[in-house]
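Thanks for coming. I will go through one structure today, starting with a strand and then moving to the chain contacts, the cores and the helix packing.

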Amino acid sequence: MKQYETVIGLEVHVELATKTKIFCGCSTEFGGAPNTHTCPVCTGMPGSLPVLNKKVVEFAIKAGLAANCHIHQYCKFDRKNYFYPDNPQNYQISQLYLPICYDGAVEIETSAGKKTVRIHEMHMEEDAGKLIHDEWEDCSLVDYNRSGVPLIEIVSEPDMRSSEEVIAYLEKLRCTMQYLGVSDCKLQEGSMRADVNLSVREVGSETFGTRTEMKNLNSFKAIARAIEGERERQIELLEEGRAVVQETRRWDDNKESSHAMRSKEDAKDYRYFPDPDLPPIHISDAWIEELRGSIPELREAKMERYQKEYELPAYDAGILTESRHLAGLFEETAVLMGNPKKAANWFMVEVLRLIKDKGLDPEKVNFTPKHLADLLSMVEKKEVSAQNAKKVFEKVFDEDIDPVIYIEEKGLKIVEDTGFLAETVKKIVDANPGPLAELLGGKDKVMGFFVGQLMRELKGKANPDSVRKALTEEIERRR
Amino acid sequence: MAKMIDDETMENVCILAKLSLTEEEKEKAKEEMQKMLDYVEKLDELDTSKVEPMSHIFGDENVFREDVVTNGDNSEAMLANAPKQKENQYQVPKTIG
Amino acid sequence: MDLGAFTALELAEKIKQHQISVLDGVKYVFDQMEKHEDTVHAYLDTYKKEAYARAKEVQKGIEDGTYTGPLAGVPIAIKDNICIKGKKTTCASKILENFVPQYNAEVIDRLEKAGLVIIGKTNMDEFAMGSTTETSAYGVTRNPWNPDHVPGGSSGGSCAAVAAGEAYLALGSDTGGSIRQPSSYCGVTGIKPTYGTVSRYGLVAYASSLDQIGPVGKDVADCAALLEIIAGHDTKDSTSIKRDDLDFSSTMTDKIVGMKFGVPKEYLSSGLDPEVKEAFMNTLKSLTEMGAIVEFFSMKTTEYMIPAYYIIASAEASSNLERFDGVKYGFRAKEYEGLHDMYKKTRTEGFGEEVKRRIMLGSFVLSSGYYDAYYLKALRTKALIKKEFNEAFEKYDVLLAPAAPSTAPKLGESLKDPLAMYLSDIYTVAINLCGLPGITVPCGKDSKGLPVGIQMIGDCFKENNLFRAAHAYEKKRGDFGTAMEGGEKA
């Protein structure tokens, strides 16, 4: 039984988070009614001309730098010519001959350890419009809102060997792009799209097999399934003595299979040539350094710093840095309350729980770190019970209330009024002669019952230790 | 020697250009293109081995715009010339994929 | 007062002095249309009602100081590949038969701000591809000097309109000579400015790296004044150049003593009609008599200009015309089966022969396996041609050339042999390749009375030299006569 190795390269399209499209001043905002974000340029009207959005270039350079790429300091746009209704000019403005970034690498980590995935190139291009299939009239409808939205395409070398590596690579890209603020990179929403190039070869072989390209992969699970499926399909072909045909295949995740997309109408000859409507771009050393300086601390560096500075374990550092936004909230909280470990714990337990329960986007979490810091300080000073603190925090999380004020108003503050406490203890003990007798008789467990009753009576506004102490004292008196 | 324009090449060119010619038209087009290509073959006389292709004549670079929304809802104007439209979208024959 | 005798500047001056009204000028051109359009057919669309209304508005504007420019009130015709909001723009093609742009070309906005009166759209070769205006899908235009002859192309309608008195000014476009050659055939003045001088926003693209909009008028001063209005940086066009030397009117000092003119020897080869050559040589004599220095020199890249041009122009055209697919605007075939059939039928039925020819050639030279040998080779050749022009301009202020190898051919003769037609562009295409400015000034007539023009070519951004030389020559030449008096009446 021959052993086959899977060889995978990825073409990832990342939608950039600019306010406007790449070549015109139309909004890129998601969700507008069809064709309400269009103009003569992005609908290919006769006589329209493209004008380049500077932010797109900046984002592309930053993305390249963060992925350790070289920058082509002199680059151009090329036209990629093909007919399709979602492409208003029937050519896409892209970069072939001089992509803005090239020869980079990212490090990924899988169960097998660390690995480098090389990046062949990154280039800027414009997105196409959206096609909707109208079942009633058996036709298609075109919406150009998305046409002209800026993309960067990231082309990797065929360095990956498993779906685990592919997912790790995509996660790495996603995290990096989010940290840079150049894209929110959501596979499910289409702001990150991945095409998988896959071939197989016998283990030990030096040459590459024929590869196919797979499209329509809309989730990590679909990607994993598609990789497995295509690997099997190709191996089967080879085992039967047939050849793998170089083609583009569309993955159907419902059927868990793919079919070839090629038709004879597709000449697949894009006739790239430099776009005469757009002057070349010259990126100075100064500009690159300026952008390099504006790149924030990326996840890896942050993780290391959390482990060193805050003495957090690697696992915790990993969780806390998954989202740059959340990491920021954590860091601020930690600095304000001066106890990073406690803050970390709170984030990992309470914050993440609430995010999960409420199905929130971590990027959308918005509470003032000072509010959490204050709350945690109160917990430390035993001014509020841990239980109540959790409830209060939920309010901070949802409504960003000031916990200090809230706790005062709702009377949740633990007051060390020993007199009142002693009185309450007496009251409860008097009210429960039976359990008292049992307790005096040696059933120590009954302490728990009394503590519970007392906490309820005190509406949680008591320091559990003080309660136990007062209760124990009272019980002793009754002996 | 200029490339010989054969039927396969004509076929390919028509697919690329999205044109459908009759057999007669194809023959004529083949002839005319062959003539043109034979003529432009003249360029081979020039030694351009040390010359960079000049795609832009002036040295202008870095023509940018700021990332500011300047366009509003132009859907009515954009659809004004649509040969076929439905629900504020351009209507075309069914596409696959 | 014979309004037909005035140039555009003279008309505007008379209007300013209240000797005539804007409406008088507009009425005059529509009267000329009444008389001549049946024969000349310079226009595809005219806006009589709107023009009359606009005339009244401009009149008021001149009186209250809104419009103070030197061409306020002048009627102008626009080539039909320039978009006017709310008005049909067909590029003389069936594929845009009903296309009404919802936006103005930048030049139209500038004309409106300057108080000109747009009177209609002129005929052209389909998508500006042609040299005779015979490839128009809407009928030919006839040369006002002799209706059996072509007006030239592709801006044949614009040049014929001015020549027939059906407009005082016109806008044309020039990609390979399309303003300069028909200006020569029609005995009018036309200029293609330095690439990037006039915004291309709203000009339906033929070859993006070569196209420029330019003025056509009765004389050099009119063209200079019009160019001042339409020239200038436009943020909507990334190839638009920021220039601060756009005062062309003050350049016509007529001081050409000692000005150096170069004539490429290769241009005077056997392909040049002897009568055209004679008119050309006479012009050289006149210039010399005015104190200019005229020299012949060798331009070795001459025979490579047309191949390089046609490869580059066709390649860009094949891409620029891909957008015409029946999806978003324009003609869509009535019957088709499926998407790709719709594309093919729409484009096959919508485009004329010449356009299809160039699209196919362009697709071929860009296609896989041929891109290097043809397209890149042409771009390298372009670099060499540019280099040679640069060297020439180190020695000369202005280069001189005929605008065309002959006077206007007869209708129906040129389309028989496309390659021969392409070869007639020999004097004009390199100017587009190199982004240079070029002006045509009428300089003589042949034995049939058909006009001959001389082309003056300047270095990039040196329209000042052209206007100075052209205006000086024009003064010396004297009155050229108009189509309506000289030549067979149209």
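In chain C, strand β5 (residues 189-192) and strand β6 (residues 212-217) pair in the antiparallel sense over two bridges. Strands here are DSSP runs of E with at least two residues, helices are runs of H or I with at least four, and both are numbered from the N terminus. Two strands pair if DSSP finds at least two bridges between them. In this pairing, G190(C) stands opposite V216(C) of β6(C). β5(C) is also joined by three bridges to strand β10 (residues 438-445) of chain C, and the two run antiparallel. There, K192(C) stands opposite G438(C).

Is β5(C) buried or exposed on its two faces? Both faces are covered: T189(C) and I191(C) are buried on one side, G190(C) and K192(C) on the other. Buried means 20 or more other C-beta atoms within 10 Å of the residue's own, exposed means 12 or fewer, and partly exposed is in between, with C-beta atoms placed from the backbone.

Some housekeeping. This is a predicted model, in which local features need pLDDT of at least 70 and side-chain atom pairs count only at pLDDT 80 or more, while totals for chains, interfaces and linings use all residues. Residues are numbered from 1 along each chain as its sequence is written, and chains are lettered from A and ligands numbered from 1 in the order in which they are written.

Now the contact between chains A and B. Chain A gives 41 residues and chain B gives 34, where contact means C-beta atoms, placed from the backbone, within 7 Å. On the side of chain A, the elements with two or more residues are β2 (52-53), α1 (54-66), β9 (130-134), β10 (139-143) and β17 (281-282). The largest share, five residues, is from β10(A). By class, that side has 20 nonpolar, twelve polar and nine charged residues. Nonpolar covers Ala, Val, Leu, Ile, Met, Phe, Trp, Tyr, Cys and Pro; charged covers Asp, Glu, Lys and Arg; the others, Gly among them, are polar. β2(A) also pairs in the parallel sense with strand β1 (residues 64-65) of chain B, over two bridges, and N53(A) stands opposite R65(B).

Chains B and C next. This contact takes 37 residues from chain B and 52 from chain C. Chain B contributes two or more residues from each of α1, α2 (23-40) and β3 (89-93), with the largest share, seven residues, coming from α2(B).

Helix α1 (residues 7-17) of chain B packs on helix α11 (residues 353-366) of chain C: their axes come within 9 Å and cross at roughly 105°. Axes are lines fitted to C-alpha atoms, for helices over the stretch in contact, and angles run from 0 to 180 degrees between N-to-C directions. That makes α1(B) roughly perpendicular to α11(C); the range for that word is 65 to 115 degrees. The residues involved are V13(B), L16(B) and A17(B) on one helix and I359(C), M360(C), S363(C) and F364(C) on the other.

Last, the cores. A nonpolar core is a set of buried Ala, Val, Leu, Ile, Met, Phe, Trp, Tyr and Cys residues joined through C-beta atoms within 7 Å. Which members of the largest core, with its 260 residues, touch the most others? They are A60(A), L71(C), I76(C) and V117(C). Helix α9 (residues 302-320) of chain C supplies the largest share, eleven residues. A second, separate core has 41 residues, including L329(A) and V384(A).

Terms used
Two residues are in contact if their C-beta atoms, placed from the backbone, lie within 7 Å. Angles under 35 degrees count as roughly parallel, over 145 as roughly antiparallel, 65 to 115 as roughly perpendicular and the rest as oblique.
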